[in-house]
Amino acid sequence: MIDFIQVAVSGILLGGVYALLSVGLTLIFGVVRIINFAHGELLMIGMYLSYLLFASIGLNPYLSVFLVAPALFAIGVIVQRLVIQPIQEASAMMKVFVTCGLFIVLQNLALMIFRGDYRTIQMDISMAALNFSGISVSLPRLLAFAAAVLIFGGLYLLLKYTFIGKALRAVAESRPMAQLMGIRVQRVNMLAFGLGAALTGIAGAFLLPFTSVYPTIGSIYTLVAFVVVVLGGLGNMVGAFLGGLCIGLIESFSGTYISPALKEATYFVIFILILLVRPQGLFGMGKGTEEVGLK
Amino acid sequence: MKKLFIMVILASLLVPGGFMGKGDSRAAEKLRVGVIYPISGPMALLGEESFRGAEISRVMRNNKGGVAGKQIEYVFADIPDVNAAKSETERLLSQGKVKIMTGAYSSSLGLAASEVTCRKNLIYFSVEGIADQFVERGYKTIFATDPRAKLFSAAQVKFMQQWLAPQLNMKANELRVSFIHEDSAYGSSVARNFEKAAKAGNVKLVSVIPYSPKAVDLSSVILNLRKDKPDVVVAVSYAADAVLLGRQSKELGLDIKAFIGNGGGHSLTSFQEALGPTTEGILNVDFTQFEVNYEFCPGLKEFVATYKQMYNKPPLSGHSTCSFVGMNALFDILEKTKGDMDPKVFRPAALAHELPPGKSANGWGVKFNEHGENIWADPFMMQWRDGKLVTVWPKGPAVMEPKLIKPFSK
């Protein structure tokens, strides 16, 4: 029984990690509908920034978040202005190609600068775990989980109740109409991309204490993030968070009770099955909404 | 007078063969050896490290007069991937007028390059690349100086029988062993070797657990281990997953008596840096590193000194020594053939060549069997002690006795 609870706890914590690393994509892809294949690379940049701050001046990643997030915001705005905006009106396919190109450029730049080494930081908290009568809860993962809950909650409130949030949603639904209503579409898009990148940077800083960073780490995370966002239902904050938890739990249970080698295969099979039945995702806003803004 | 002197020097530099006439005739007699390593791309870090070992061997030998009175010249090609390994080998052999090939750090690269070389019935002298397939393809022109992959597993089983089981007051066949490995070709092939070695050594293998080295979470591996209750865990990991396994073993309180790595991630200083004192007592089988009995490794001091002199820092890993020792063996054999690289002359000379263990810079001996496999090269058991990877077994190269320390407990 203890093992079963431990598997569930590990799964939920992993789910929190997955939710956290896809939070930026939920905004960029889920709400504003820019397909961003360079998402994992933004995460990688966030992790490297936070690593460099730790390695050079010993700044704790939980503090360097306050430097990394603004830096990533700036990067996001620049990417949107220079790379995405010129092709804003082009087909979704075009954006896929461009962001794929961006992903390759960023990954290779990182390889050139940092070489292929794996970098990890050692902090007291890296291996700290809380123990509840035999159930172990990893502290850095718990913090990542808490960060995910806070960010998703904040984003939910922002989108629902603020003017900016309404503008973001309006742009996602119909760009020309939003423009006619006096919303500055380009500025909103820049803000969305910047915000998405900043949240991804926060995720990177929270991941660093218990994972390694290396130039090709982004491609692994991009895939997971897309699965989480699509599974939860595009544009649905609660959905994306629960989507992350689902994947984490499936991975943890199939890894322990089937085989660690099959855990990814298992969650992809379940992912495909769910999409066959509900193309809009688990918590999507109704049939057909998955294509809003993409066609 | 001063002006005249300068003019004479300038003139002598301009006139080809002026004062340097001798150099030209010596250049014509150079011994050309084809050398391939990946010094760009994802394998560049250790590929370059290995190449440095080969380069030091050449420089030291040339300073002592070269081989059979000739200076050695490397005809070098960078091989970042398997396709490059094939095409560059083809190019060196046809256009570079090279009659012998060496390299290549990575097994996959070396296998591709040796396939090209051996099909032309020329010698491929593998100084680095541990895959068993090198010597299992039936070629008569291949020789490999580093230990085969199967010897890593054999060393682990032998260590359990001879040292670990007695320490635990158990019989070797009572030891419960779990094997965990990353699921790429590398990890899987080591797993197959270990299964064979465990069977031959009558060690109880209770589980074999593959996992993806890219995983963000490996708690399922640890939870499986908790279920299987092994005494010993043997692992094959890359860099990031070795660290992740260590961290999660500690978090989840994995209760085992010994943990043995297979080089790879468990040898890296980054492993120690990431886990700190938690690495204390972790065992690891690998190529000879630098915390080793120098009397068992004559020439290692000189090698390290030359490395520091040429590259302004100490060697990064035992890969450089591995290539260094392999190249030395090649030059020793070429000395005997008087520089002849024809397989008809080279093969008998190589088969007759003998260097007992404990006589080279990393303690390996050289004796080839008819498949071209070096049967006197063995990987050694090391242990992380006070932040250093120290050689502890067998007695010859060891600098310390191995010590039973509960893994991931600190």
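Which residue stands opposite Leu283(B) in β10(B)?

Author: Ile260(B) stands opposite Leu283(B). A caution before the rest: this is a predicted model.

Start with the two strands. Strand β10 of chain B covers residues 283-286. Leu283(B) and Val285(B) point one way from β10(B), while Asn284(B) and Asp286(B) point the other way. In a regular strand the side chains alternate between the two faces of the sheet. All four residues of that pattern, Leu283(B), Val285(B), Asn284(B) and Asp286(B), are buried.

Now the sheet around them. Chain B has an open sheet of 7 strands in the order β7-β6-β8-β9-β10-β11-β12. The pairing is mixed. β7 (204-211) and β12 (388-393) of chain B stand at the edges. Each has a single partner strand, so one side of each is left without a neighbour in the sheet. From one strand to the next, the twist averages 25 degrees. Helix α8 of chain B (residues 219-228) packs on this sheet and touches β6 (176-182), β7 and β8 (232-236) of chain B. The direction of α8(B) makes about 165 degrees with that of β7(B).

Strand β11 of chain B (residues 380-385) pairs with β12(B) in the antiparallel sense, over 5 bridges. Within that pair, Val390(B) in β12(B) is the bridge partner of Gln383(B). The segment after β12 of chain B holds Pro394(B). A cis peptide bond joins Trp393(B) and Pro394(B), with omega about -5 degrees.

Next, the domains. The assignment for chain B gives domain 1 as 23-147 + 296-352 and domain 2 as 150-286 + 380-393. Their centres, taken over C-alpha atoms, are separated by 32 Å. The contact between them takes 4 residues from domain 1 of chain B and 4 residues from domain 2 of chain B. On the domain 1 side, the classes are 1 nonpolar, 2 polar and 1 charged.

Chain B has another open sheet. This one has 5 strands in the order β2-β1-β3-β4-β5, and the pairing is parallel. Its edge strands are β2 (72-78) and β5 (142-144) of chain B, each pairing on one side only. The twist averages 25 degrees from one strand to the next. Strand β4 of chain B (residues 123-126) and β5(B) pair in the parallel sense over 3 bridges. There, Ile142(B) in β5(B) is the bridge partner of Tyr124(B). Helix α5 of chain B (residues 107-119) packs on the sheet, touching β1 (31-37), β3 (100-103), β4 and β5 of chain B. The direction of α5(B) makes about 160 degrees with that of β4(B).

Ile100(B) lies in strand β3 of chain B. Why is Ile100(B) counted as buried? The cut-off is 20 or more other C-beta atoms within 10 Å, and Ile100(B) has 22. Ile100(B) and Ile123(B) are 23 residues apart in sequence, yet 5.2 Å apart in space, C-alpha to C-alpha. Beyond its neighbours within four places in sequence, Ile100(B) is in contact with residues including Val33(B), Leu122(B), Phe125(B) and Met341(B).

The peptide bond from Gly103(B) to Ala104(B) is cis, with omega near 0 degrees. Ala104(B) lies in the loop between β3 and α5 of chain B.

Asn312(B) is not a glycine, but its phi is positive, about 60 degrees. Asn312(B) lies in the loop between α11 (300-311) and α12 (318-336) of chain B. Asn312(B) is exposed, with 7 other C-beta atoms within 10 Å. Lys338(B) also has a positive phi, near 55 degrees. Lys338(B) lies in the loop between α12 and α13 (343-352) of chain B. With 12 C-beta neighbours inside 10 Å, Lys338(B) counts as exposed.

Last, the partner chain. The contact takes 29 residues from chain A and 30 residues from chain B. On chain A, α1 (2-31), β2 (135-138), α10 and α11 (263-277) each supply at least two residues. The largest share, 6 residues, comes from α1(A).

Terms used
Residues are numbered from 1 along each chain as its sequence is written. Chains are lettered from A and ligands numbered from 1 in the order in which they are written. This is a predicted model: local features need pLDDT of at least 70, side-chain atom pairs count only at pLDDT 80 or more; totals for chains, interfaces and linings use all residues. Two residues are in contact if their C-beta atoms, placed from the backbone, lie within 7 Å. Two strands pair if DSSP finds at least two bridges between them. Axes are lines fitted to C-alpha atoms, for helices over the stretch in contact, and angles run from 0 to 180 degrees between N-to-C directions. Domain bounds come from an automatic or database domain assignment. Ala, Val, Leu, Ile, Met, Phe, Trp, Tyr, Cys and Pro count as nonpolar, Asp, Glu, Lys and Arg as charged, and the others, Gly among them, as polar.
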